There are 2 protein chains.
Amino acid sequence: MRKKAIVLLSGGLDSATCLAVARRDGFECHTLSFDYGQRHRCELTASEHVAAAGGSVEHRVFKLDLNQWGGSALTDPAIPVPKTGVTGEIPVTYVPARNLVFLSIAAAWGEVLDAHDIFIGVNSVDYSGYPDCRAPFIRAFAEAARLGTCAADENWQWQIHTPLQHLSKAEIITLGNRLGVDYSLTTSCYDPDTLGRSCGRCDSCRLRHAGFVEAGLPDPTLYFFSQEKK
Amino acid sequence: MRKKAIVLLSGGLDSATCLAVARRDGFECHTLSFDYGQRHRCELTASEHVAAAGGSVEHRVFKLDLNQWGGSALTDPAIPVPKTGVTGEIPVTYVPARNLVFLSIAAAWGEVLDAHDIFIGVNSVDYSGYPDCRAPFIRAFAEAARLGTCAADENWQWQIHTPLQHLSKAEIITLGNRLGVDYSLTTSCYDPDTLGRSCGRCDSCRLRHAGFVEAGLPDPTLYFFSQEKK
């Protein structure tokens with residue numbers, strides 16, 4: 001019997017690659033996406049397609065009302081998504097404690113499934129300043145999860161796999177391309193139009209497009225190219 | 001301006017006492033309850049009453065579909081609530097990773113409110129074997145939360161207050177009684193009837209009732225005394 005893993009899927013390029021890596025490593029993959037009131041709803045549809053194409057044995061969407069208190073440009077319509085380029089600081093697109101919440105819920109499902117491996121596509125190279133994407137957080141989370149679940153009494157460890165942690169966007173795309181990921185199914189834009197097309201100007205679009213250029217591969221993304229701050 | 005705290009409220013005796021301690025310690029209290037598909041729904045009504053009586057400036061109920069995957073007698077109608085007394089092992093009433101999930105969501109709200117203090121009524125004396133109620137978990141969580149939120153960049157710490165950690169149920173009741181907690185508003189039963197009355201036989205009812213007896217105070221709980229395994 002194959003070992004079970006939970007793979008967090010955002011509908012984006014990174015988590016689609018993560019799923020391909022988990023499959024390559026022999027895991028039976030159970031995928032999990034979050035409906036947390038994000039303004040880019042098309043990522044939930046993208047997640048379903050990525051799960052199906054990537055061989056997930058079970059895909060779940062967990063509803064979570066994180067937009068009830070706002071605090072991020074991704075969940076609060078009153079805060080505009082920045083289009084002026086990546087800075088070194090924590091940007092307004094940071095969703096408070098998002099990966100802490102997502103990983104905790106993954107651990108809850110993992111306990112029920114008896115899956116002790118969780119894959120998450122965090123990255124510290126092109127990550128634009130989110131604290132919950134860094135390796136020290138992931139290590140500390142694994143320890144908190146061990147102590148706060150049956151793992152503490154049953155003497156096992158949570159393995160939080162972050163295969164993309166130290167890869168550039170171009171390296172991620174090259175890896176996924178080799179593993180057969182269909183990136184045309186994925187969406188990365190923080191501020192897509194109603195058709196699900198990408199703005200081409202937010203941090204996430206800029207990083208994605210530059211990655212395809214650097215990897216020397218065609219970018220399959222549909223852009224509408226928003227005109228603000230060109 | 002008073003310092004803000006988030007206080008987790010379950011509708012039970014412990015968290016009501018926790019709120020009274022947080023208020024005694026001078027915090028402006030924002031209370032948070034979870035609608036996670038628990039079979040004892042009357043605890044949500046109890047939480048509202050406890051919040052109002054305990055001086056919460058804002059009470060939120062966060063909906064969370066933890067019963068979608070079952071795994072606990074408290075969320076899965078297929079698993080009966082045990083009525084035979086407390087054992088040393090992790091009981092079937094354990095909800096996988098519950099406090100990990102609850103604290104993570106409290107941290108998310110805390111970041112938005114600029115509240116860096118969280119009160120949770122966990123206890124290691126009468127706690128009936130839940131790993132997520134132990135002090136090492138709470139410490140590890142505070143560190144994971146620090147590294148996974150703005151605290152990492154802004155150089156502050158999360159304070160997870162567990163004022164009941166080392167108190168017996170009788171000591172908790174004595175403390176709350178001194179601080180004016182109205183325990184008739186609280187409910188502890190894992191398996192109440194449709195009127196919200198307590199079964200008197202589950203682990204939680206047994207611990208609660210014994211606490212009042214030991215504290216020498218009248219137990220204001222309405223019991224219907226379930227007849228199984230008397």
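Colleague: Which residue of chain B forms a salt bridge with Arg134(A)?
Modeller: The model is predicted. A salt bridge needs a side-chain nitrogen of Lys or Arg within 4 Å of a carboxyl oxygen of Asp or Glu. For Arg134(A) the closest N and O atoms are 2.7 Å apart, and the partner is Asp153(B).

Colleague: Which element gives the most to the side of chain B that touches chain A?
Modeller: Strand E3 (58–63), helix H3 (98–113), helix H4 (135–147) and helix H5 (151–154) of chain B each supply at least two residues of that side. With 9 residues, the largest contribution comes from H3(B).

Colleague: How much area is buried between chain B and chain A?
Modeller: The contact involves 41 residues of chain B and 41 residues of chain A. Carbon and sulfur atoms give 71% of the buried area, whose total is about 3,300 Å².

Colleague: Which residues in chain B lose the most area to chain A?
Modeller: The chain B side divides into 27 nonpolar, 6 polar and 8 charged residues. Three residues together account for 20% of what that side buries: Phe62(B), Trp69(B) and Leu100(B).

Colleague: How far apart are the end C-alpha atoms of helix H7 of chain A?
Modeller: Helix H7 covers residues 203–215, and at 1.5 Å a residue its 13 residues should span 18 Å. The model agrees with this, as the end C-alpha atoms are apart by 18 Å.

Colleague: Which helices do the buried residues of H7(A) pack against?
Modeller: The buried residues of H7(A) include Leu207(A), Arg208(A) and Phe212(A). In chain A, the buried residues of H7(A) pack against helix H1 (13–24) and helix H6 (169–178).

Conventions: Residues numbered from 1 in each chain as written. Chains lettered and ligands numbered in written order. Predicted model: local features only at pLDDT ≥ 70, side-chain atom pairs only at ≥ 80, totals over all residues. Heavy atoms only, no water. Helix = DSSP H or I, 4+ residues; strand = E, 2+ residues; numbered from the N terminus. Expected span 1.5 Å × (residues − 1). Buried < 20%, exposed > 50% of the residue type's maximum accessible area, 1.4 Å probe, protein only. Contact = heavy atoms within 4.5 Å. Buried area = accessible area lost by both parts, 1.4 Å probe. Nonpolar A, V, L, I, M, F, W, Y, C, P; charged D, E, K, R; others polar.
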